[in-house]
Amino acid sequence: KIRQSDSNTVTCHRCITNYSKEMSSEQHLAMLGLVHNAQDQAENAIKGPARKNSHKRVSSMPLMQSYNALPLPCRNTTWGMGLATINSITEAGSDSRAALTPEQLLGLESLRKVLMSCAADEGVEGMVPKSLLMTAQSGDRVSAYLASEFGGVKMEEKKPGKGLAALKRSVRKITNANRFLGGLNRAVFEKKTESIAQFFPKEYMALTSTARETLQSMLSWESLKRWDFNIFELSEVCNGRPLLFIGWAILCSPHAQNAMDMANISGAKCERPGSITESEPSDCGLPKNAKKEGYNFVESFNVAPSTMCEFLRVVESEYNARNPYHNATHAADVLQTTHVLLQCGAKKFVSKSLEEYSLLVAAAVHDIQHPGKNNNYQINARTEVALRYNDTAVLENMHVSRLFSHVLGARRNIDIFNGLTEEQYSSVRACIIRTVIDTDMARHFRNMSKLKGYLAEMDGVVDPKEWKGCQNGI
């Protein structure tokens with residue numbers, strides 16, 4: 001047995017010596033494994049201390065261990081096997097790493113970077129941070145959720161831990177709190193207003209004078225640009241209609257801000273505040289053509305404020321108030337945040353005003369008819385919506401389809417795109433579809449990688465100081 005094992009060892013070493021240039025990394029590691037097996041046979045035959053002339057082993061992390069450390073989508077691919085092989089050879093503290101020359105180690109590290117940069121070509125859903133994967137595979141439920149939801153990595157099921165009960169309690173508390181907020185969403189005063197109604201949501205005039213003054217402050221152009229804008233406070237002030245009011249203030253700017261100024265000034269100095277319209281000069285202290293900052297979509301795309309308000313009412317009704325997160329308050333928050341980013345420098349990367357309009361509308365509608373359960377649930381439960389959209393960006397496809405087929409399809413009186421040319425409408429529709437589809441959180445890490453690539457390309461072109469235009473340290 002000793003002679004046979006020595007013969008096997010010598011043969012393997014000869015193969016490694018003579019043919020190492022022709023062998024792949026996997027073949028090289030497999031040959032080293034045969035050497036180890038032959039040496040183990042010799043030691044078992046001797047049944048004693050190791051012989052003085054035994055060959056020194058070159059240890060490395062086992063290939064299967066490195067392979068199993070990869071995320072599930074990476075396995076059974078050329079990319080995954082190649083990366084696992086390099087990881088097993090360059091494992092910190094291993095003899096195989098110590099045996100490499102600095103040039104060889106640098107070459108392997110360069111090869112690892114090339115393989116990782118090719119991840120998208122092999123169908124890997126984004127490059128999930130290694131630390132996140134390690135904690136997820138160790139059984140951490142939060143890390144497993146993040147890897148699955150934001151990276152598209154399907155983690156192996158773990159038995160519920162002790163923290164499950166606490167998690168359920170937290171979710172229940174959030175749900176109860178949101179139901180309380182949803183209870184604020186009541187019917188408002190339904191009477192005809194005078195000509196000023198073409199600039200206001202009718203809900204605005206139904207509020208108390210104190211609430212209107214608070215809204216005038218919160219919905220001013222400077223306030224809307226604040227990163228720390230309190231969307232929950234706005235929801236309380238406007239009786240649970242945050243998307244209607246934040247959408248009106250942003251998409252109808254600067255007319256919305258001018259209208260609030262007219263209402264408050266006329267309320268103090270004029271007998272009939274509702275008699276003031278944009279087509280009439282104001283005798284209450286505000287010039288007819290007051291200059292204010294804003295997008296001015298009303299003139300640019302021929303959309304009346306009253307049409308925009310009716311559109312926002314329908315969109316807000318498309319959100320389920322019982323959802324603890326994906327509700328109208330969330331949509332209003334996303335819309336205001338998108339506006340902040342545009343005002344803080346992102347608009348310099350937007351080709352034209354029409355694209356700004358598309359992005360803001362997409363933010364308002366991006367989660368309409370959300371059922372409260374994510375894409376993973378829809379796919380695993382084989383729901384109708386998952387089958388309809390072939391398990392691909394299931395809810396996102398549903399949201400944007402709902403906008404054009406139901407919200408706008410049967411209600412021409414709320415068509416905020418009616419003033420666009422055919423070419424403009426096609427551009428807006430394409431931008432909204434692309435934007436909403438990209439809110440699929442399984443694309444998060446992939447989109448972040450793209451963004452980092454764009455920033456790297458523009459290094460030196462854009463001055464970071466130009467992004468400091470917003471308050472409170474965005």
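**Before starting.** I am working with a predicted model, where local features need pLDDT of at least 70 and side-chain atom pairs count only at pLDDT 80 or more, while totals for chains, interfaces and linings use all residues. Residues are numbered from 1 along each chain as its sequence is written, and side-chain values use heavy atoms, leaving out hydrogens and water.

**Entry 1: α22 and α23.** I looked up helix α22 (residues 394-407) and helix α23 (residues 422-437), and found that they pack at about 150 degrees with axes 8 Å apart. The two are therefore roughly antiparallel (angles over 145 degrees count as such). I noted a right-handed crossing here. Contact (heavy atoms within 4.5 Å) involves residues including Val400, Leu403 and Phe404 of α22 and Ile432, Ile433 and Val436 of α23.

**Entry 2: α14 and α17.** Next I checked helix α14 (residues 242-251) against helix α17 (residues 305-317): their axes come within 9 Å and cross at roughly 145 degrees. This crossing is right-handed. Among the contact residues I wrote down Trp248 of α14 and Cys309 of α17.

**Entry 3: cysteines.** How many disulfides does a search of the whole structure find? I got 0, taking a disulfide as a pair of cysteine sulfur atoms within 2.5 Å. For Cys309, the closest cysteine sulfur is in Cys252, 5.4 Å away and too far for a bond. Cys309 is buried at 1% relative accessibility (buried means under 20% relative accessible area, with a 1.4 Å probe and protein chains only). Cys431 is buried too, at 5%.

Conventions: Axes fitted to C-alpha atoms, helices over the stretch in contact; angles between N-to-C directions. Helix = DSSP H or I, 4+ residues; strand = E, 2+ residues; numbered from the N terminus. Parallel < 35°, antiparallel > 145°, perpendicular 65-115°, else oblique. Left-handed = near helix turned anticlockwise from the far one by under 90°. Buried < 20%, exposed > 50% of the residue type's maximum accessible area, 1.4 Å probe, protein only.
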